[in-house]
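Please look over the sequence and the model shown here. A short report on selected features comes after it.

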Amino acid sequence: MAQQTKSIWLSYDLGVQGDYEGLYAWLDDHQAKECGSSVAFFKYDFQGDLTESLMSDIGGAVSLDKRSRFYVIFKEKDRMKGAYLKGRRKTAPWEGHGANGESAEDLGEP
């Protein structure tokens, strides 16, 4: 398989007790740029499947647990794509704060 390079954004959440020291060393080794709270941008060299290669690489350098979450964003076939490498989506802290939130009044069926 040929080696490929992709520009990616990586969002991470390791929880309060997470191995940030290991993650930061890994990000530094990949010359990542800081893009806000818990988001990094870098070019990643890989063979085969990007998400499998990336998660294997991170897992080899960072101690992970059940609370660890990684989300990657990259371009594939002229479209932006996002995928969880580990973990899953949580309820957003802003849910229910907008004008589309639920009504404060509950109405029963007639």
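Predicted model: local features only at pLDDT ≥ 70, side-chain atom pairs only at ≥ 80, totals over all residues.

Residues are numbered from 1 along each chain as its sequence is written, and side-chain values use heavy atoms, with hydrogens and water left out.

**Salt bridges**

Side chains of opposite charge can pair when their charged atoms come close. A salt bridge here is a side-chain nitrogen of Lys or Arg within 4 Å of a carboxyl oxygen of Asp or Glu. The structure has three of them.

| Pair | Closest N to O |
|---|---|
| D13 and R69 | 3.7 Å |
| R67 and D65 | 3.0 Å |

Take D13 and R69, which form a salt bridge. D13 sits in strand 1 (residues 4–13) and R69 in strand 4 (residues 69–76), so the bridge ties together parts 56 residues apart in sequence. Helices (H or I, at least four residues) and strands (E, at least two) are DSSP runs, numbered from the N terminus.

Exposure is judged by relative accessible area: buried is under 20%, exposed is over 50%, and partly exposed lies in between (1.4 Å probe, protein chains only). R69 is buried, at 19%.

R67 is partly exposed at 45%, and D65 is partly exposed at 28%. K81 is partly exposed at 39%, and E76 is partly exposed at 33%.

**Surface patch**

W9, I73 and M80 make a nonpolar surface patch of about 270 Å². Patches are built from residues with over 30% relative accessible area and no salt bridge; like charges are joined within 9 Å, and nonpolar side chains (Val, Leu, Ile, Met, Phe, Trp, Tyr) within 5 Å. Accessible areas come from the Shrake-Rupley method with a 1.4 Å probe; for residues, only the protein chains shown count as cover. M80 belongs to strand 5 (residues 79–86).

**Largest pocket**

Rolling a probe the size of a water molecule over the atoms shows where empty space is left. The largest pocket has a volume of about 300 Å³. Of its 14 lining residues, S11, R69, Y71, Y84 and R89 are the closest to the centre. Strand 1 and strand 4 are the elements that give two or more residues to the lining. Strand 4 gives the most, with four residues.

A pocket is an open set of points on a 1 Å grid over the protein atoms alone, where a 1.4 Å probe fits, with protein on both sides within 12 Å along at least five of seven lines; lining residues have an atom within 4 Å of a point. Points are joined across faces, edges and corners, and the volume is the space filled by probe spheres set on them.

What is the make-up of the lining of the largest pocket? The residues divide into eight nonpolar, two polar and four charged. Ala, Val, Leu, Ile, Met, Phe, Trp, Tyr, Cys and Pro count as nonpolar, Asp, Glu, Lys and Arg as charged, and the others, Gly among them, as polar.

**Positive phi angles**

Q31 is not a glycine, yet has a positive phi of about 55 degrees. Q31 lies in the loop between helix 1 (20–29) and strand 2 (33–34) and is exposed, at 63%. D78 is not a glycine either, and has a positive phi of about 60 degrees. D78 lies in the loop between strand 4 and strand 5 and is exposed, at 72%.
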